[in-house]
Amino acid sequence: MKIDLIGGILKKQVSWLTKQGPDSDIAISSRIRLARNIKGIPFPVQADSLQLNETVDIVHLSLVNSPLFADSECFDMSQLSQLEADILFERHLISKEFSKKRKGSSLVINAEADISLMINEEDHLRIQCILPGFQFDETWSQIDAVDTELSRLISYEFDPELGFLTSCPSNLGTGMRASVMVHLPALSIAGFSDAIVQSIFKMGFTVRGLSGEGSANLGNLFQISNQSTLGETEDSIIKRLSHIVQQIIKHERNARKKLLETRKNYLLDKIGRAFGILRYSYLLSTPEALESLSMLKLGVDMNIISSVDINTVNKLFITSQPAHLQNYLKSEMNSEKRDEVRAELFRKTLSNSKNVE
Amino acid sequence: MKCEICHKNEATIHIQEITNNGKKKVNLCSECVLNHKLSNGISDIDINEILKKFSSDFLNSETPSLDIPGLPFSFHENCDSSVSQLKCPNCGWDGVKLKKYGRLGCGKCYHIFKHILKDIIKDLHRDSVHLGKRPVFNNIQQTEIVARLSILRKELDEYVKKEKYEQAALIRDKINDLKNLSKQEKK
């Protein structure tokens, strides 16, 4: 484990975005996080600065010899600028809440940048693993290994009846939140997205947008995650969630097929116009960019557009967000300037592509 | 009683020191303690202790507003009166904060607020008994520190042998931190 400046991590590829996983034409990423606390130390909300540092030390120490964290990087959150923290959040490597933390909080990211440890988030420890596509089995096996290793060296706050004790009772038990991000443009065009969201809620799961709560279904992106964490095994939670996700993937595939069969020109027109907007605009707001990008992604995933690489499209979902844009320009911007720079980013990135085939 | 330095303010701090000549009591006001570096009779350590006490009193007198996202659940109406009275003896978290933030202060809080949380937990989850993973083992912190120290010392030796001084320095700092931690634990 080495202590590094943030520069290194920003140059690193975001593995869940640049690699392809199972069902990645619809499922963008699978993510699992575990909430853990250290026995005997008050939770971060009630800990003093000494206790926060103690927590950081205990976790760091238990990682020193871990082969799972051999080439990991470690950041003191108080050394990060808000921009750097926001970039990590936009890359889904840290939570929104953690991006606001500074003194007494620390972040560890492994060499592949798919496992991150948030030390002193809402709980002492939030372990996260994020992989491309729909692959909960692999995501669970990786995070389970890290958690087991840590539990050999750290006494977790654990109650036989309530399981892992967390600052918020909504995370009790397994402390596990599993979520998958799916792209559902065809179901949205067909007008089924509201019904799907409602049925997901009815089955006891939660739906959020690209950046979590409040971001609605911008870009037809939906994050589906478990709500209940206590009273069933991790395996059973993952199975129930997987079952729903499989159904949704099936429905989205059918909807895409049906669109192509019954409303081909409508579909081509939507994709073509979206491509045009991204390719030739001089001002692009976040909603317009994400809506158009969603259509472009659909075009590429359905092999309607072959001149643009899918990785290029996926990356634009992240690089067109505010903190990434600010980093791209290397200066602060107001929202109009941001729309200008966002349009420039899309024009440049897509300039060497041909038209809809 | 007036402060023995400025002779104006009321003395609020009373320091007792044991010297060769017997006990000596000094009565000071808070301003003088903060403003003067006292050399006669009172050692620097005492001053540090006083300052520490000051800062902690000062911190306790303020109620800092916590940056916590909204309530993740709602409380049942029947627990209104009793909750506010409860306070966790381990961490100091109380029923008022529990109701305000929907969070707990430490693991022990779950016992203190047990009867209030019972219904909430039922509402939040599919069941109220944990069936998932269990930690490998839970041991006492002090033995952990000893074990970690020995691992780290080996690591330190290796880095020094390999002349990787940057990493070695990092480990050395961690060893020092751990030693300090260990001292605090013993207190």
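Author: Happy to! Let's start with a term: two strands pair if DSSP finds at least two bridges between them. Keep in mind that the model you see is predicted.

With that in hand, look at β9(A) and strand β11 (residues 221-226) of chain A, which pair in the antiparallel sense over five bridges. To find one of these pairings on your screen, pick V182(A), whose bridge partner in β11(A) is F222(A).

Now turn to another neighbor of β9(A). Strand β2 (residues 27-36) of chain A is joined to β9(A) by seven bridges, and these two strands also run antiparallel.

How many of the residues of strand β9 (residues 176-183) are buried? Eight of its eight residues are, and the strand is mostly covered. For this, a residue counts as buried if 20 or more other C-beta atoms lie within 10 Å of its own.

Next, think about the two faces. In a regular strand the side chains alternate between the two faces of the sheet. In β9(A), M176(A), A178(A), V180(A) and V182(A) are on one side, while R177(A), S179(A), M181(A) and H183(A) are on the other. Both sets are buried, which leaves both faces of β9(A) covered.

In α10(A), the buried residues are L267(A), K270(A), I271(A), A274(A), F275(A) and L278(A). They cover an arc of only 125° around the axis, which puts them on the same side of α10(A). On the other side of this helix, N265(A), Y266(A) and Y280(A) are exposed. The cover over the buried residues of α10(A) includes α9 (234-262), α11 (286-301) and α14 (335-350) of chain A.

Finally, let's step back to the whole chain. Chain A holds 14 helices and eleven strands, and buried residues make up 52% of its 357 residues. Among contacts in chain A with a separation of 6 or more, 71% are between residues 24 or more positions apart. The radius of gyration of chain A is 21 Å, which agrees with the value near 21 Å for a compact globule with 357 residues.

Methods: Residues are numbered from 1 along each chain as its sequence is written. Chains are lettered from A and ligands numbered from 1 in the order in which they are written. This is a predicted model: local features need pLDDT of at least 70, side-chain atom pairs count only at pLDDT 80 or more; totals for chains, interfaces and linings use all residues. Helices (H or I, at least four residues) and strands (E, at least two) are DSSP runs, numbered from the N terminus. The radius of gyration is taken over C-alpha atoms; the globule rule is 2.2 Å times the number of residues to the power 0.38. A residue is buried if 20 or more other C-beta atoms lie within 10 Å of its own, exposed if 12 or fewer, and partly exposed in between; C-beta atoms are placed from the backbone. Two residues are in contact if their C-beta atoms, placed from the backbone, lie within 7 Å. The arc is that of the directions from the helix axis to the C-beta atoms.
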